[in-house]
Amino acid sequence: MVNLILFGPPGSGKGTQSANIIQKYGLIHLSTGDLLRSEIGDKTPLGQEAKKFMDQGLLVPDEVVIGMISSKLDANPDARGFIFDGFPRTTAQAEALDKLLALKKTSISTVLSLEVPEDALIKRLLNRGLTSGRSDDASEDVVKARIVEYHNKTAPVADHYAKFGKFKKVKGDGTEEEVFELLSKELDELVGEKVQ
Ligand code: AP5
């Protein structure tokens with residue numbers, strides 16, 4: 001199994017590149033942001049609770065997202081591998097993910113971190129906010145709060161995986177195609193045979 005974490009701050013291109021990666025390599029995409037937005041869309045109690053945090057640019061409590069990921073892993077027993085997008089976002093989430101994967105006799109293969117300057121992140125997210133309907137893209141204050149959460153709570157996840165030699169930076173401020181080429185260089189070796 002190949003288990004990839006696509007890492008990086010809000011707006012660094014994790015969702016965009018996940019779509020390219022699943023198409024080329026046939027991994028299952030697990031995005032906690034997408035799962036939470038789907039819960040909000042369905043007006044579930046979980047979604048309504050999560051929305052309070054998301055609208056302020058704050059992280060949703062660990063136990064909520066860990067539970068969601070755990071059930072998605074169980075729902076895909078025959079997966080060739082997973083691409084985790086927007087998860088883990090705290091060291092506690094990383095430790096929980098390591099344990100969940102160990103139960104399935106697998107582990108994280110690599111963490112690829114998209115590196116994009118902060119002014120470009122803010123520009124990308126506010127630009128998307130003009131049309132996406134995502135409330136957390138609509139105001140510069142909320143976009144900046146998400147980036148602060150990233151620095152305070154998510155950046156330490158890099159050290160967690162660097163300890164095991166599994167963390168690699170990838171230049172993320174080229175065009176979408178340029179960034180995908182850099183990611184493919186890492187993944188061709190790791191994933192091996194491509195899914196056509
Ligand atoms: P989530 O949905 O994960 O959002 P995010 O990581 O904050 O930001 P994005 O996903 O929007 O950024 P991205 O890196 O995927 O970039 P994208 O490809 O979209 O999380 C939302 C909220 O949910 C969180 O704030 C939190 O409240 C909660 N949450 C989610 N997961 C959680 C967890 N594990 N724990 C706790 N809470 C959690 O691109 C962004 C824009 O840039 C797009 O418009 C795109 O077209 C554009 N773009 C992409 N690549 C390029 C490029 N190369 N050049 C120019 N533009 C580009």
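Mentor: Let us begin with terms: two strands pair if DSSP finds at least two bridges between them. Helices (H or I, at least four residues) and strands (E, at least two) are DSSP runs, numbered from the N terminus. In this predicted model, local features need pLDDT of at least 70, side-chain atom pairs count only at pLDDT 80 or more, and totals for chains, interfaces and linings use all residues. Residues are numbered from 1 along each chain as its sequence is written, and side-chain values use heavy atoms, with hydrogens and water left out.

Trainee: In which sense do strand 2 and strand 3 pair, and over how many bridges?

Mentor: Strand 2 pairs with strand 3 (residues 81-85) in the parallel sense, over four bridges. Within strand 3, Phe82 is the residue opposite Ile28.

Trainee: What order do the five strands of the open sheet have?

Mentor: The order is 2-3-1-4-5, and the pairing is parallel. Strand 2 (28-31) and strand 5 (167-171) are at the edges with a single partner strand each, so one side of each has no neighbour in the sheet.

Trainee: Which residues are the closest to the ligand?

Mentor: A residue is near a molecule if one of its heavy atoms lies within 4 Å of it. Here 29 residues surround the ligand, and the closest are Gly15, Thr16, Thr32, Leu58 and Arg128.

Trainee: Which elements give two or more residues to the shell around the ligand?

Mentor: They are helix 1 (14-25), helix 2 (32-41) and helix 6 (118-129). Helix 2 gives the most, with four residues.

Trainee: Where should I look for backbone details?

Mentor: The peptide bond from Phe87 to Pro88 is cis, with omega near 0°. Pro88 is in the loop between strand 3 and helix 5 (91-103). Lys43, a residue other than glycine, has a positive phi, near 55°, and is found in the loop between helix 2 and helix 3 (45-54).
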